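Hi,

Here is the structure I promised to pass on.

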Amino acid sequence: MTYIRTFLNIIALPLILLAIWFVSTLGETSFFVPTPQALVETFFETWTSERFVSDVFPSLGRLMIGIVLSILIGIGAGLLIGSFRWLRALLEPTLEFFRAIPPPVLIPVIMLLIGIGDEMKVSVIVLGAVWPILLNTIEGVRSMDEVLADTSRTYGMNKINSVRYLILPSAMPQIMAGIRQSLSIALILMVISEMFASTEGLGFAIVQFQRSFAIPEMWSGIVLLGLIGVILSFIFQLAERWILGWYHGLREIEQAA
Amino acid sequence: MTSEHSQPTNPVISQSGVQDTPDGRIPVGKTMPGEEPMLSVQNLKKVYHTDGGDIEAVRNLTFDLPKGQLACLVGPSGSGKTTLLKCISGLMAPTEGEVTLHGEKVTGPPKSMAVVFQEYGRSLFPWLRVAENVELPLKNQGMDKTARREVVAEALEAVGLSHVPKSYPWQLSGGMQQRVAIARAVAYKPEVLLMDEPFAAVDAQTRADLEDLVRGIWKKLGVSVLFVTHDIDESVYLGERVIILSSSPTVIQEDVLVDLPAERDQLETRSSQRFAELRHHVYEQIQLAKKGFRPEDAVANANA
């Protein structure tokens with residue numbers, strides 16, 4: 001019963017929006033706004049053929065590599081910086097500066113430095129997506145519970161075990177919040193990085209459709225991006241439920257008390 | 001140490017049960033005659049440096065904890081009990097003086113010491129299950145898996161928690177969580193067990209059970225226990241000895257031998273006459289401490 005209700009909750013608004021769209025485009029002849037039926041047709045025509053291999057696949061590959069690198073670098077550097085007060089004092093002002101730079105403006109610079117290949121696109125994704133993870137990890141490590149840290153010290157926990165059983169799990173709620181933000185940033189930067197000097201990719205394809213007046217195709221690319229975002233967020237939620245099960249249980253009990 | 005140690009009688013409360021009022025016979029910073037001093041605190045002083053000036057939490061503390069003794073440290077609130085315990089456990093460096101374990105100076109948390117904190121909710125790893133919490137220090141020591149499993153099962157059995165190894169700590173009641181923390185300490189097999197007001201946050205009935213549990217474990221393992229509490233009844237019921245701390249800056253107000261029978265019972269012991277006398281005496285001393293009475297003044301008066 002609850003599953004059915006959840007499912008209804010999920011699809012209710014999209015159905016209403018589709019209905020509004022359908023009604024408002026009835027008899028519509030505008031070149032720039034396709035009807036729902038036309039869009040669905042175009043969607044399957046456009047993205048199930050070789051474009052999936054030539055555009056979607058490389059885009060998703062770069063997105064995944066970018067996200068994984070961001071997570072690894074963000075958590076790794078965050079653990080290090082969060083663990084040493086002097087390192088934090090030394091780096092944090094500078095990190096804030098770099099974080100404040102919008103990554104798209106770095107694209108021309110990176111193009112000059114490392115060319116226009118996949119490395120450039122992945123670099124742009126990482127340069128934007130790493131910050132929420134890095135800063136949240138630093139904050140998570142810094143706000144470690146004192147009693148828990150004392151407990152670990154009295155039991156003579158070594159460095160590796162401290163990271164694995166104490167520091168990393170205790171910072172995990174904040175790390176996951178950082179990753180969640182990073183996912184949407186990574187998706188945006190994936191598209192933007194493909195709009196410069198590219199020959200393939202989702203961003204490239206959408207711009208190309210627009211310039212060649214393939215309007216329904218352009219719209220279908222935007223829909224595909226939205227779907228990728230939804231799927232990413234769904235995978236993230238599954239992972240979070242698995243990794244932070246203890247945290248949600250603890251919070252529920254605290255709130256009930 | 002000195003010749004005073006040759007007389008095994010309680011310097012303050014004589015065996016006849018007559019209580020002495022505070023006078024020159026109170027030993028300042030003197031320890032009970034011990035068999036084999038295991039843990040030794042000498043002239044310990046701790047000053048916190050803050051922006052608003054220095055705060056002297058502990059002025060001068062000296063006492064020994066012999067092997068296998070269960071001693072309670074009791075003092076008015078704000079008497080630096082937790083500071084003292086942090087210095088003893090090596091979590092904090094004293095400003096002056098030193099703590100030695102088996103004659104060796106404590107500079108960091110010693111291997112043979114376990115600490116049970118008051119905040120059970122914050123001292124257990126919420127991301128680990130009960131058995132994993134108990135197991136972690138052993139894993140860290142490099143004990144192999146089968147041995148670990150056995151020790152963990154034994155420790156959980158000892159605290160009466162064999163039925164919940166797979167639960168998370170936060171799914172348990174406060175008293176049960178503190179049992180997990182005790183099981184973890186027991187499994188670690190320390191020589192000295194420090195307990196920092198471990199039952200201050202649990203209800204009275206649970207507390208009585210936990211007190212008996214601590215005495216049972218102490219007897220079974222032969223471990224030295226230093227039990228910090230602000231509860232006078234608890235200190236007398238649990239301890240073989242009660243060390244009364246003065247108000248801050250802390251010195252030892254008095255060191256009392258608890259000559260109750262070894263077998264203690266919540267009903268029998270607590271209603272015995274001797275318990276009442278000891279409790280009365282400790283209570284009196286705490287009241288004196290709260291009023292600002294300091295043992296060094298008493299000595300000065302007696303010598304004058």
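Predicted model: local features only at pLDDT ≥ 70, side-chain atom pairs only at ≥ 80, totals over all residues.

Let's start with chain A. Its secondary structure amounts to eleven helices and zero strands, so if you follow the elements from the N terminus you read α-α-α-α-α-α-α-α-α-α-α. The C-alpha trace of chain A spans about 75 × 55 × 30 Å along its principal axes. Of the 257 residues in chain A, 33% are buried. If you take the contacts in chain A between residues at least 6 apart in sequence, 75% of them join residues at least 24 apart.

Now zoom in on helix 7 of chain A, which covers residues 146–154. The buried residues there are Leu148(A), Asp150(A), Thr151(A), Ser152(A) and Thr154(A). What do they pack against? In chain A, the buried residues of helix 7 pack against helix 8 (159–193), and in chain B they meet strand 6 (113–116) and helix 2 (120–123). Just after helix 7, Gly156(A) takes a positive phi of about 60°.

That brings us to the contacts between the chains. Here 20 residues of chain B are in contact with 18 residues of chain A. On the chain B side, the elements that give two or more residues are strand 6, helix 2 and helix 3 (130–141). Sorted by class, that side of chain B has 14 nonpolar, three polar and three charged residues.

Happy browsing!

How values were computed:
Residues numbered from 1 in each chain as written. Chains lettered and ligands numbered in written order. Buried ≥ 20, exposed ≤ 12 C-beta atoms within 10 Å, placed from the backbone. Helix = DSSP H or I, 4+ residues; strand = E, 2+ residues; numbered from the N terminus. Contact = placed C-beta atoms within 7 Å. Nonpolar A, V, L, I, M, F, W, Y, C, P; charged D, E, K, R; others polar.
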